[in-house]
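Please read them with the structure open.

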Amino acid sequence: MPEKKVNKAVVCPMCGELSKAVVYTSVNATVSKSQRKKILDGSLFAWKCPSCGYSARLTYPILYNDMTNRFMIYLIPKIDRFQICDKKLEEKYRNLCNINKRVVADFNAFKEKIFIFESGLDDMAVELTKAVIGQTVAQKLEGAEVQAGFLSMYDRESNTMGFTYFTGEKMTPYVQTARLEIYGKSKEIVEQFAVKDKKLDGFIKIDAEWADNILYRYKRARKIEKLNKIKQ
Ligand SMILES: [Zn+2]
């Protein structure tokens with residue numbers, strides 16, 4: 001799929017002047033390395049008002065396509081649905097299987113997914129690991145609220161993975177590393193409890209909410225298992 005550009009009307013939030021901006025609705029990372037870079041540093045979304053010079057980051061839906069690493073990420077700002085089925089897209093890629101298709105609601109999650117899939121990791125297992133490590137961080141910080149977390153480091157050689165969490169009212173960043181064994185265990189849980197999700201059509205949202213749900217099912221299954229052992 002080649003990249004796609006469209007003209008978009010933008011009203012400057014500062015001076016109210018109406019102008020046009022060229023935005024990408026689709027980007028192919030395999031074809032264009034520079035587009036990939038511009039997405040990751042945010043410059044692809046940068047906009048400057050020709051009238052007053054005010055600059056802002058535009059938010060609009062964009063589809064990111066990486067056929068080498070076999071993934072597609074659909075950034076749809078503020079989307080709150082778990083699954084997006086785009087019939088046209090499905091038709092187009094019918095012959096391609098085993099492509100990870102994800103939908104994300106914000107720019108940080110968008111960048112994180114690219115990092116995860118480029119590193120050859122399973123994003124479902126990463127989300128579970130992040131949720132479990134997040135609980136440890138919450139305990140360490142004695143009740144400070146642990147908000148969104150993102151995978152920020154992955155090093156196979158040193159057997160570690162690092163997450164950056166935003167904590168407390170001021171959203172102070174807190175970095176916590178974890179050994180890859182936890183990720184390995186998370187992968188086992190995914191294989192056991194997320195088989196259905198792996199087979200879903202369309203773009204799905206794999207995030208903290210999804211991870212909490214899987215962990216809940218995992219814990220419930222363990223409880224039942226224990227109870228059954230006692231009965232025997
Ligand atoms: Zn302006």
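Predicted model: local features only at pLDDT ≥ 70, side-chain atom pairs only at ≥ 80, totals over all residues.

1. Residues are numbered from 1 along each chain as its sequence is written, and side-chain values use heavy atoms, without hydrogens and water.

2. The zinc ion has four protein donors: Cys12 (SG), Cys15 (SG), Cys49 (SG) and Cys52 (SG). They lie 2.3 to 2.4 Å from the ion. Donors here are N, O and S atoms within 2.8 Å of the metal (3.2 Å for Na, K and Ca); water is not among the atoms, so sites may look incomplete. Along the chain, the donor spacing is C-x2-C-x33-C-x2-C.

3. The zinc site is tetrahedral, with angles of 105 to 112° among its 4 donor atoms. For four donors, that term requires all angles to lie between 85 and 135 degrees.

4. Cys12 is buried at 2% relative accessible area, and Cys49 is buried at 4%. Cys52 is partly exposed at 40%. Buried means under 20%, exposed over 50%, and partly exposed in between (1.4 Å probe, protein chains only).

5. The structure holds 0 disulfides, meaning pairs of cysteine sulfur atoms within 2.5 Å.

6. Helix α1 (residues 33-40) packs against helix α3 (residues 107-118) at about 135°, with axes 10 Å apart. Helices are DSSP runs (H or I, at least four residues), numbered from the N terminus. Axes are lines fitted to C-alpha atoms, over the stretch in contact, and angles run from 0 to 180 degrees between N-to-C directions. The pair is therefore oblique. Angles under 35 degrees count as roughly parallel, over 145 as roughly antiparallel, 65 to 115 as roughly perpendicular and the rest as oblique.

7. In α1, Arg36, Ile39 and Leu40 contact α3 residues Phe107, Phe110, Lys111, Ile114 and Glu118. Contact means heavy atoms within 4.5 Å.

Key:
Tetrahedral: all angles 85-135°; square planar, octahedral: opposite > 155°, others 65-115°. Helix = DSSP H or I, 4+ residues; strand = E, 2+ residues; numbered from the N terminus.
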